[in-house]
Amino acid sequence: MATSQLTASSMTVSVRNLASFEGLRPSSIVKFSSFGSLKPGSLTQRSFKGLVVKAATVVAPKYTSIKPLGDRVLVKIKETEGKTEGGILLPTTAQSKPQGGEVVAIGEGKTIGKTKLECSVKTGAQVIYSKYAGTELEFNGSNHLILKEDDIVGILETDDIKDLKPLNDRVFIKVAEAEEKTAGGLLLTESSKEKPSIGTVIAVGPGTFDEEGNRKPLSVAPGNTVLYSKYAGNDFKGNDGTSYIALRASDVMAVLS
């Protein structure tokens, strides 16, 4: 039977000898939320059906440094906000997963054709990355993420997402406000408002590389009003509540005028 630590709202299980989690390393720690009150002996294999397991690889203390290879980047994840702006404590299940952090190590870059390309981010940069990118690591008591440079959405030099500088083929868009009324004049509730797929381009990345290692500029520019794929990209909220989305240029379907 796996060793477990139980509370009213969460559970931590060592995955050693737990057949349900085949493929996880014995050192992995798996956390579950919202189990409620649990009695000893009440857990069965059926109890874990339908659960999504997110296990961070634990780097043993004897290793003092991590050197990413190729075009990979090591990011120290920004800590999740534990309170709302009003000071209300958030339970773990209500805390949004962070999508940003500080670059602490970079690889040597990549080669395209005969051209050697260095990483476009530097150590110390504050970056925003795709929500489900990379591999999580627990290293030196902090959470880290090792990911491909291409999974980094952009560089953020302030504390407001509106100032994001996109990388590579990313496009940063201010989302148009959802329609408040139907064509017949009926007011729409928040739940019935259709998610917008139109917005104004705020900033664009420098483009991708061709086979010779030269940048190919994007076909959209800041100020363009664009139509984009409905469920593409990563959504963000500015400090003033404005909605933004960062997506790849290939997800932009048309320029509107």
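Guide: Strands β10 (residues 135-139) and β11 (residues 142-148) pair in the antiparallel sense over 5 bridges. Here a strand is a DSSP run of E with at least two residues, numbered from the N terminus, and two strands pair if DSSP finds at least two bridges between them. Within this pair, E136 has L145 in β11 as its bridge partner. The model is a predicted one, in which local features need pLDDT of at least 70 and side-chain atom pairs count only at pLDDT 80 or more, while totals for chains, interfaces and linings use all residues. Residues are numbered from 1 along each chain as its sequence is written, and side-chain values use heavy atoms, with hydrogens and water left out.

Both strands belong to an open sheet of 8 strands with mixed pairing, in the order β4-β10-β11-β5-β6-β9-β12-β13. β4 (57-58) and β13 stand at the edges with a single partner strand each, so one side of each has no neighbour in the sheet. As a general point, strands of a sheet pair through backbone hydrogen bonds, either parallel or antiparallel.

The loop between β12 (152-155) and β13 (165-166) holds D160. D160 is buried (under 20% relative accessible area; exposed is over 50%, and partly exposed lies in between, with a 1.4 Å probe and protein chains only). A polar atom of the D160 side chain lies 3.2 Å from the backbone nitrogen of N239. Leaving out residues up to four places away in sequence, D160 touches G238 and N239 (contact means heavy atoms within 4.5 Å).

The next loop, between β13 and β14, holds D169. D169 counts as buried because its relative accessibility is 12%. Its side chain makes a polar contact with the side chain of R248 at 2.9 Å; such a contact is a pair of N or O atoms within 3.5 Å, where within protein one must be able to donate a hydrogen and the other to accept it, and residues adjacent in sequence count only if both atoms are side-chain atoms. Beyond its neighbours within four places in sequence, D169 is in contact with several residues, among them D150, G207 and L218.

G207 lies in the loop between β15 (198-204) and β16 (208-209). With 0% relative accessibility, G207 counts as buried. G207 and R170 are 37 residues apart in sequence, yet 7.7 Å apart in space, C-alpha to C-alpha.

A further open sheet has 6 strands with antiparallel pairing, in the order β19-β20-β14-β15-β18-β21. β19 (234-237) and β21 (252-256) stand at its edges, each with a single partner strand, so one side of each is left without a neighbour in the sheet. In this sheet, β14 (residues 170-175) and β20 (residues 243-248) pair in the antiparallel sense over 5 bridges. R170 stands opposite R248 in β20, and K174 stands opposite Y244. β20 also pairs with β19 in the antiparallel sense, over 4 bridges, and there D235 has I245 as its bridge partner. β19 and β20 form a hairpin with 5 residues between them, and G241 in the turn has a positive phi of about 90°.

Notes. Lys, Arg positive; Asp, Glu negative; His and termini not counted. Salt bridge = Lys/Arg side-chain N within 4 Å of Asp/Glu carboxyl O.
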